[in-house]
Amino acid sequence: MKKISLFVNLFAVLAMAGCGCNAVETFTEAADPTPLTEEAKAAWGDVKCGVNAAWGTPDLVYSRSEVPQNLTESYTATGWRGEKVSAQILLWTSKDLKSVECKISDFKSADAKLPSSIAEARFVRYTLADKSDRNCRCARSNGHPAILQADMLDNLDAMNVEANTVRPIWITVAIPQDAKAGTYKANVKVSHCGCGSETLPLELVVVDQVLAQPSEWAYHLDFWQHPSAVAREAEVELWSEEHFEVMRPLMKMLADAGQKVITATLNRDPWRYQCFDDYEPMIYWYRYDNEWKYDYTIFDKWIEFMMEVGIKKQINCYSMLPWGECFVDYKDMRTGKDGRNMRVKAIPGTPQFEEMWAPFLVDFAAHLREKGWLEITNMAIDERAPKDIEAAARLIKKYAPEIGFAMADNHDSYKNFADMMHDVCVGQRHSLMQPEEIAKRRAEGDVSTFYVCCSTLFPNAFTNSQPYESELLCVYGIAHDYDGMLRWAYNSWPARPEYDSRFRYWASGDTFIAYPGARSSVRFERLIDGVEFSEKVRTLRAKYADKAEALQPLEAKLAEMRALNINDAKYDWRSFLAEANKVLNEVAAKLAE
């Protein structure tokens, strides 16, 4: 009997050690720069051998090096038909595990079933980030303290987990629009080569309301795109067919988040080398003596491509007012010189500024009219001085009044130009547009949004921000009745963002929210949750406009937010956000009865 027991135990040990599976090949993450306390080291000694798994919260990031705490054995997610909901599992082990998988069963209610294919499990990867100490992050050098932060959602089917480490798994459930309302149950199984596993229950509550497809959302999402970064990372020729094919899934992911704006560059790097990759021009300028000609081939190809993937509401063109000195590169057709060797410098308000931009505006307007894009195109300006904005606005009005005007304002000066601005975006820490202003602009077909950047410490979408902050930004927006938000940028990647999210003196992750290979992030997923929150509010307001009393609990919660200081990081915003979602879904469910 003892021999049989010994044989069984030996077999179990051998199974745990290998199970006949191979290690998964992927890049190696950085070492954790934060030293563990003796207490944290000792905690690993109490972890049972094999797979350990439990539910965390999608609100927070978890250390890779410390045994996770405050977890639960079950989780309930609530969403509308047509909504995506997020959840997070924590896996940890005291022994090396090869080829860990996560499988999700079908979702079953008392009288309906949803297929397992509506759910997706993605391993969360760790990247280097700035230590979040709430000091100003704009003026610090690359030598400041680093931390390891969970952010990128990998597309691996399986992953190795090293001894004494934690691996989060991000669960996304896309509820079908035709799903039957009710409470569904599913199981999430985390296994080590199929031979050492944990099974966790997942409950899905489907509210009897329908969220429209992202292409129909009103939310005005504006993440700036950076094609050059994709070409460099994928090692393909800029603007080649291979380049566009590599960009397709990345930009489709953005379209599926509700993106409304195409970012186009009129000339070389209008932000003056603030990114790892230059912004290459999409329009090429040619000069023969005093005559200007323009090649729109790349511009047209880019706009047509983005519209094809589903982003087609608006085109914002940067910039008549670039950061730094106002240069435009061109090719001299007489000498053959081009690029940075041939530049025109024209300071706003001078005769040279008009001489350079007037012929372009006339020609560009004619080209846009021919393509059918004139009514959706804006000349866009980012954080420039009011006197320079006035000079550009005057020229647009004089030479191409049919082209719109867009601005991101950090000078509290938008009111001076609001009457001619189709798209006004105010800095969250600079201005607060009043609801009556926004309503008036909306009635006239104009857009009013807000933005945050590295100067807004909280809430934000840095890699060292907590995930719930991304959703909180959107809830702030709908509470103040903004049409949406802008964020720089979608994919201005540093050298290796999956390994190190820091770049120069910007806050880590400030320049991107999606990763190479069309891989999402916890920040991006939670921002989508916030966009959906906003759309749900707008849906209820429109659908039940005659039931103000039933909507009152939701409106009261949004009014409560307006009375609070969104930048107060000490306030319990996590609880507020949870309560806001609860109230929204409860109101929606009651109205559906």
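Biologist: In which hand does α11 pass α12, and what makes the crossing so called?

Modeller: α11 passes α12 in a left-handed crossing; the term applies if the near helix is turned anticlockwise from the far one by less than a right angle, whereas clockwise is right-handed. The model is predicted, so local features need pLDDT of at least 70 and side-chain atom pairs 80 or more, while totals for chains, interfaces and linings use all residues. Residues are numbered from 1 along each chain as its sequence is written, and side-chain values use heavy atoms, without hydrogens and water.

Biologist: How do you know whether α11 and α12 are roughly parallel or antiparallel?

Modeller: The axes of α11 (residues 548-562) and α12 (residues 573-592) cross at roughly 160° and come within 8 Å. Axes are lines fitted to C-alpha atoms, for helices over the stretch in contact, with angles from 0 to 180 degrees between N-to-C directions. Angles under 35 degrees count as roughly parallel, over 145 as roughly antiparallel, 65 to 115 as roughly perpendicular and the rest as oblique. α11 and α12 are therefore roughly antiparallel.

Biologist: Which residues is methionine 307 in contact with, leaving aside its neighbours within four places in sequence?

Modeller: With those neighbours left aside, methionine 307 is in contact (heavy atoms within 4.5 Å) with Ile262, Lys312, Ile315, Trp373 and Ile376.

How values were computed: Helix = DSSP H or I, 4+ residues; strand = E, 2+ residues; numbered from the N terminus.
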